[in-house]
Amino acid sequence: MSRPVTLFTIQWGDLSLEEICRLGQQMGYEGLELSAAHLDMKRAATEPEYVQEVKDMLAKYDLNCWAISNHLAGQCVVDTVKDAYDSRLDGFAPGELAGKPEEIQKWAIQEMKYTAQAAKNMGVDVVTFFMGSPIWKFWYSFPQTSEEQIEAAYQQVKDLWSPIMDEFDACGVKLALEVHPTEIAFDYWSTKKLLDVFEYRPTLGINFDPSHLIWQGLDTQMFIMDFADRIYHVHVKDAKLNLNGRNGILGSHITFGDQRRGWNFVSPGHGDVDFDNIIRALNQIGYDGPLSIEWEDSGMERVFGGTEACEFTKKINFSPSDVAFDAAIKND
């Protein structure tokens, strides 16, 4: 299949750009989805020489780049608003901004605008990202969450992100939101509402990641089919349910990888995601972009896992048929 198999680099942020390029080639990948851990967005937006250095490094290891990511800065755009600030965001922003939500938000907005220009300069037209949510902590309606609070939150997200999207439009780059817990769009109906609120602005699409949907009980193939024109990027990531009567779906505040959790992220092919149906759905909607492996498995050595995940994804990356299977047996 022509869809390239790439590696999302955010979980490998402890490695230098050259180290992840070398390892990516060694594990069999065709390209990297470069995160802000490996691509300085401000420099990529303003320094042509830096962009060329990054491109040269990718080429040295026979790798390409079809999308870049800035999930962490994106999260800070909204989660720094009044009553929503979470001190854990301090780890996403420059250290000198710790404890200063207004300053973190200013940095995040500018960082996302730099990301639009960085993508343009890198020659990619999709940025995967998070956008945050001022009401995630209200997901369970007790104390009761009012409709007015929900509507105000969606409007707040629109007000904050619309100027950023203007910059993306100017650069000819689209945003692919990873539908994910802690985001304003975290399941089917919250995704539909977000698209409605933005009036289906073409700038805003979806980074489809089945691992965040399956444990919520969503049908991943249906999600693809219903949001077909908004699937701008795809993450290959798996999750395994372990609901044995003791383990809860909410995770019990237990660390990822612990078998007492009701579900865990696992290396692709080791969980409950139906990748066969997903590939068939992607074929039907005509998606030909990257299959980017977001490798997260606390129970497996990561180079082994990253290599196996690449092999698995290439194996399932089949093309649609160009003939009907029964065409040869029809009578003239």
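This is a predicted model: local features need pLDDT of at least 70, side-chain atom pairs count only at pLDDT 80 or more; totals for chains, interfaces and linings use all residues.
Q: OK, what volume does the largest pocket have?
A: The largest pocket has a volume of about 1,600 Å³. A pocket here is an open set of points on a 1 Å grid over the protein atoms alone, with protein on both sides within 12 Å along at least five of seven lines, and a volume is the space filled by probe spheres set on the points, which are joined across faces, edges and corners.

Q: Which residues are closest to its centre?
A: Of the 46 residues that line the largest pocket, W136, H180, P181, T182 and F256 are the closest to the centre, where lining residues are those with an atom within 4 Å of a point.

Q: And how does that lining divide by class?
A: The lining of the largest pocket has 20 nonpolar, 15 polar and 11 charged residues; Ala, Val, Leu, Ile, Met, Phe, Trp, Tyr, Cys and Pro count as nonpolar, Asp, Glu, Lys and Arg as charged, and the others, Gly among them, as polar.

Q: What about the second largest pocket, which residues lie nearest its centre?
A: That pocket holds about 300 Å³ of space and is lined by 17 residues, of which A36, A37, N70, W107 and E111 lie nearest its centre. The elements giving two or more residues to this lining are α2 (41-46), α4 and α5 (101-122), and the largest share, 3 residues, comes from α4. Helices (H or I, at least four residues) and strands (E, at least two) are DSSP runs numbered from the N terminus.

Q: Switching to cavities, how many are there of 30 Å³ or more?
A: The count comes to 2 cavities of 30 Å³ or more, a cavity being a set of points where a 1.4 Å probe fits but cannot get out.

Q: Which elements give two or more residues to the lining of the largest cavity?
A: Those elements are α7 (188-197) and β6 (204-208). The largest cavity has about 40 Å³ of space, and its lining divides into 7 nonpolar, 2 polar and no charged residues.

Q: And which element gives the most to the second largest cavity?
A: For the second largest cavity, with about 30 Å³ of space, α10 gives the most to the lining, with 4 residues. The lining residues there divide into 8 nonpolar, 1 polar and no charged.

Q: New topic: how many aromatic pairs are there?
A: There are 15 aromatic pairs, counted where rings of Phe, Tyr and Trp (its six-membered ring) have centres within 6.5 Å, with planes under 30 degrees apart called stacked, over 60 edge-to-face and the rest tilted. One of them, W139 with Y140, is edge-to-face, at 5.7 Å centre to centre and 75 degrees between the planes.

Q: Where does a lysine sit over a ring?
A: The charged end of K193 sits over the ring of Y154, 5.2 Å from its centre, and K237 lies over the face of F265, at 3.7 Å from the ring centre. The rule asks for NZ of Lys or CZ of Arg within 6 Å of the ring centre and within 35 degrees of the ring normal.

Technical notes. Residues are numbered from 1 along each chain as its sequence is written. Side-chain values use heavy atoms; hydrogens and water are left out.
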